[in-house]
Amino acid sequence: MPKNSSHNNSQSVLWWVAWIGLAIGSFFVSSAFWTPLIAKHFGTVRETRNAVLWVATVFGTWMIILIPLIILMYAKVDKAYEDARLAREARALRFRNIRVEKSKRLLRLEFSQKLRSIPETISGGHLVSVTLADGRRISNVFVAGGSEIIGLYDFTEMPFEARDIIALEPVDLAAAAPVFLAASWLRLDGAESSPV
């Protein structure tokens with residue numbers, strides 16, 4: 001378990017212990033306040049009328065004290081569920097990343113100029129298919145800023161260098177949009193965020 005997760009779990013346990021302690025403690029504070037006051041003005045709480053008054057005042061005050069504690073607890077629980085949901089989503093969207101030298105990923109000027117004249121596939125980049133000098137065709141190559149290859153789909157390493165590219169065409173997502181899985185993307189600049 002990651003150190004940060006362990007720290008968060010410890011904080012959660014401490015929060016729940018503190019909340020339970022405050023909830024129980026507030027009852028005793030309420031009781032300590034009303035018991036002597038009722039005894040002083042109405043007599044012993046062993047009498048039925050005084051006992052009813054004691055129950056009404058002590059439990060009524062306790063409920064009033066509990067309202068902000070319940071609101072606080074709800075906010076904490078809601079945040080805990082939201083954090084857990086975000087953590088699950090982050091795990092689901094995890095992808096591989098490696099660092100490949102930028103010089104091996106930079107497109108030649110002619111290809112950069114071509115991409116800059118074409119609308120981006122998504123904000124910040126183009127999804128393209130490339131043809132290499134040895135005849136191979138690589139689909140779903142993500143190029144950022146019109147010049148830098150930063151992502152490949154369905155690869156575990158970069159099987160070519162940008163200088164090997166002899167042709168480049170944008171992928172037409174409108175014609176046949178593939179179903180991409182985040183785990184199948186390979187980020188090439190070592191950054192920990194998805195290329196698409």
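## A charge over a ring

A charge counts as sitting over a ring if NZ of Lys or CZ of Arg is within 6 Å of the ring centre and within 35 degrees of the ring normal. In this predicted model, the charged end of Lys-76 is placed over the ring of Trp-15, at 5.3 Å from its centre.

## Aromatic pairs

Seven aromatic pairs turn up when the whole structure is searched. One of them joins Phe-59 and Trp-62 edge-to-face, with 6.0 Å centre to centre and 75° between the planes. Both residues belong to helix H2 (residues 48-92), where they are three residues apart, about one turn of the helix. Phe-59 has a relative accessible area of 33%, so it is partly exposed.

Tyr-153 and Trp-185 make another edge-to-face pair, with centres 5.2 Å apart and 65° between the planes. This pair links distant parts of the chain, as Tyr-153 lies in strand S4 (residues 148-153) and Trp-185 in strand S6 (residues 185-187), 32 residues apart. Both Tyr-153 and Trp-185 are buried.

Ring pairs also connect Phe-27, Phe-28, Phe-59 and Trp-62 into a cluster.

## The sheet

An open sheet of six strands runs in the order S1-S6-S4-S3-S2-S5, with mixed pairing. Strands S1 (96-97) and S5 (165-170) are at the edges and have a single partner strand each, so one side of each lacks a neighbour in the sheet.

The pairing of S1 with S6 is parallel and spans two bridges. Arg-96 has Leu-186 in S6 as its bridge partner.

Helix H4 (residues 109-116) packs on the sheet and touches strands S2 (125-132), S3 (137-144) and S5. The direction of H4 makes about 5° with that of S5.

Terms used: Residues are numbered from 1 along each chain as its sequence is written. This is a predicted model: local features need pLDDT of at least 70, side-chain atom pairs count only at pLDDT 80 or more; totals for chains, interfaces and linings use all residues. Side-chain values use heavy atoms; hydrogens and water are left out. Rings of Phe, Tyr and Trp (its six-membered ring) pair if their centres lie within 6.5 Å; planes under 30 degrees apart count as stacked, over 60 as edge-to-face and the rest as tilted. Helices (H or I, at least four residues) and strands (E, at least two) are DSSP runs, numbered from the N terminus. Buried means under 20% relative accessible area, exposed over 50%, partly exposed in between (1.4 Å probe, protein chains only). Two strands pair if DSSP finds at least two bridges between them. Contact means heavy atoms within 4.5 Å. Axes are lines fitted to C-alpha atoms, for helices over the stretch in contact, and angles run from 0 to 180 degrees between N-to-C directions.
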